[in-house]
Amino acid sequence: MGRNGIKKQFWLSEKHVKKLAEYSKKTCLPETTIIRFLLDGYHPKEKPGDEFYDCMNRLTDFANYIRSIGVAAGEGDLRERLFEEATAMGRLRLEVERKILLPEKVNIDEMLKDMQY
């Protein structure tokens, strides 16, 4: 959104400033992005550790390896099956990344029930 948006300034308590900074550090997202997610009803997830990214990269490497074997296999049923398998691995990676990385939609009514005024 940047400079095309409308500038808003507001005050936060020290507790909320610390909590926002903590969210920002855990998710590796800027504080403004976190505020936008929360306003849109999403709760950002914590950034996974390096092991997650290593596993995702290995999955991509395996898919590329299977695809290269398919190219070497020449024409035929084997080649098609290898390409299908490599494509399925790519889809699996996207599905896992969506599940782990994308923010979750939060039911505001449920959150309000939990809050006491």
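In which hand does helix 3 cross helix 4?

## Helix packing

Helix 3 passes helix 4 in a left-handed crossing. The model is a predicted one. Two packed helices are described by the angle between their axes and by the distance between those axes. For helix 3 and helix 4 the angle is about 165°, and the axes lie 8 Å apart. Angles over 145 degrees count as roughly antiparallel, so helix 3 is roughly antiparallel to helix 4.

By residue class, the contact of helix 3 with helix 4 divides into 17 nonpolar, 4 polar and 5 charged residues.

## Nonpolar core

The largest nonpolar core consists of 8 residues: F52, M56, L59, A63, I66, L82, A86 and M89. Helix 3 gives the largest share, 5 residues. In soluble globular proteins, nonpolar side chains tend to be buried together.

L59, one of the core residues, is in contact with M89, L92 and R93, apart from its neighbours within four places in sequence.

## V96

V96 belongs to helix 4, which spans residues 77-101. Its relative accessibility is 26%. Buried means under 20% and exposed over 50%, so V96 counts as partly exposed.

Setting aside neighbours within four places in sequence, V96 is in contact with F52 and M56. Both F52 and M56 are members of the largest nonpolar core. V96 and M56 are separated by 40 residues in sequence, while their C-alpha atoms are 8.7 Å apart in space.

Key. Residues numbered from 1 in each chain as written. Predicted model: local features only at pLDDT ≥ 70, side-chain atom pairs only at ≥ 80, totals over all residues. Heavy atoms only, no water. Helix = DSSP H or I, 4+ residues; strand = E, 2+ residues; numbered from the N terminus. Buried < 20%, exposed > 50% of the residue type's maximum accessible area, 1.4 Å probe, protein only. Contact = heavy atoms within 4.5 Å. Core = buried A, V, L, I, M, F, W, Y, C linked by side-chain atoms within 4.5 Å. Axes fitted to C-alpha atoms, helices over the stretch in contact; angles between N-to-C directions. Parallel < 35°, antiparallel > 145°, perpendicular 65-115°, else oblique. Left-handed = near helix turned anticlockwise from the far one by under 90°. Nonpolar A, V, L, I, M, F, W, Y, C, P; charged D, E, K, R; others polar.
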